[in-house]
Amino acid sequence: MSDRVQLPGGLALRPWETTDAPAIREAFAEPGMERQADAPLATVSDAEQWVRRRQDQWDRRAAFAFAVADTSGAALGGVAVSGLDARHATGWISYWTGSAARGRGVATLGCRALADWCFAELALFRLELGHRTNNPASCRVALAAGFAAEGVQRQKLAYDGVRYDVETHARLATDPAP
């Protein structure tokens, strides 16, 4: 199974490394990003643990997370597939970028490449993702990466006592390339 994918513009998908911990800590310190982590990332040591969890998931084939890196190898953001269901050949896609990479197409290119990788390497048929409806940038990424909007899950997420609707998207292996 390939663990590196070249993208346009000199970007690449590659597995997370513990040397990425400072960049991860910086990205998840941004307002709103702490919600995206599976555990608090208050220190570089916390970020190193985050990387080790991603590496363990990869080893167990439970999930596959990639850094989206620039030509120098610096992580600009991440993409992942989790919630893998072999019987139905489905997976759940997630993506994020640090503030310096936003608006540059990094998440879109990474998400497209991850979807193609999932279809080719994991033989998945359907990929799903969701975003809060008050996050239009995430919606633009999903649509540009070829994920069709399928509906809204009302008040699915709760952050700080506020409930948020989530729009779901999906991309099928048989969909035309974006």
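These are my notebook entries on a predicted model, taken topic by topic.

**Entry 1**

I began with strand S1 (residues 5-6) and S2, which pair in the antiparallel sense over two bridges. Looking for the partner of Gln-6, I found Ala-12 in S2. The two strands make a hairpin, and five residues sit between them. In that turn I noted Gly-9, whose phi is positive at about 75 degrees.

Next I followed S2 to its other pairing. Strand S3 (residues 64-69) is antiparallel to S2, and four bridges join the pair. Here Arg-14 stands opposite Ala-67 in S3.

Is either face of S2 left open, or are both covered? Both are covered: Ala-12 and Arg-14 are buried on one side, and Leu-13 and Pro-15 are buried on the other.

**Entry 2: the largest pocket**

I then turned to the pockets. The largest pocket holds about 1300 Å³ of space. Its lining counts 47 residues, and the closest to the centre are Gln-36, Ser-94, Tyr-95, Trp-96 and Ser-138. Several elements give two or more residues to this lining, among them helix H2 (44-60), helix H3 (106-121) and strand S7 (148-159). Which element gives the most? My answer is S5, with six residues. By residue class, I wrote down 24 nonpolar, 14 polar and nine charged for the lining of the largest pocket.

**Entry 3: the second largest pocket**

For the second largest pocket I noted a volume of about 200 Å³. Its lining has 14 residues, with Ala-23, Glu-26, Ala-75, Leu-76 and Gly-98 closest to the centre. Helix H1 (21-28) and S4 each supply at least two residues of this lining, and H1 gives the most, with four. The lining of the second largest pocket divides into eight nonpolar, three polar and three charged residues.

**Entry 4: Ala-142**

I picked out Ala-142, which lies in helix H4. Is this residue buried or exposed? Ala-142 is buried, with a relative accessible area of 0%. What does Ala-142 touch, once its neighbours within four places in sequence are left aside? The contacts are Tyr-95, Leu-129, Phe-147 and His-169. Tyr-95 was already in my notes, as one of the residues closest to the centre of the largest pocket. I also checked Ala-142 against Thr-19: they are 123 residues apart along the chain, and their C-alpha atoms are separated by 29 Å.

**Entry 5: the cysteines**

Last, I went through the cysteines. A disulfide is a covalent bond between the sulfur atoms of two cysteines, and my cut-off for the pair was 2.5 Å. By this rule the count comes to zero disulfides. Cys-118 is in none, since the nearest cysteine sulfur, that of Cys-111, is 9.2 Å away.

Conventions: Residues numbered from 1 in each chain as written. Predicted model: local features only at pLDDT ≥ 70, side-chain atom pairs only at ≥ 80, totals over all residues. Heavy atoms only, no water. 1 Å grid on protein atoms, 1.4 Å probe; cavity = no way out; pocket = protein on both sides within 12 Å on 5 of 7 lines; lining within 4 Å. Points joined across faces, edges and corners; volume = space filled by probe spheres on them. Nonpolar A, V, L, I, M, F, W, Y, C, P; charged D, E, K, R; others polar. Buried < 20%, exposed > 50% of the residue type's maximum accessible area, 1.4 Å probe, protein only. Contact = heavy atoms within 4.5 Å. Pairing = 2+ DSSP bridges.
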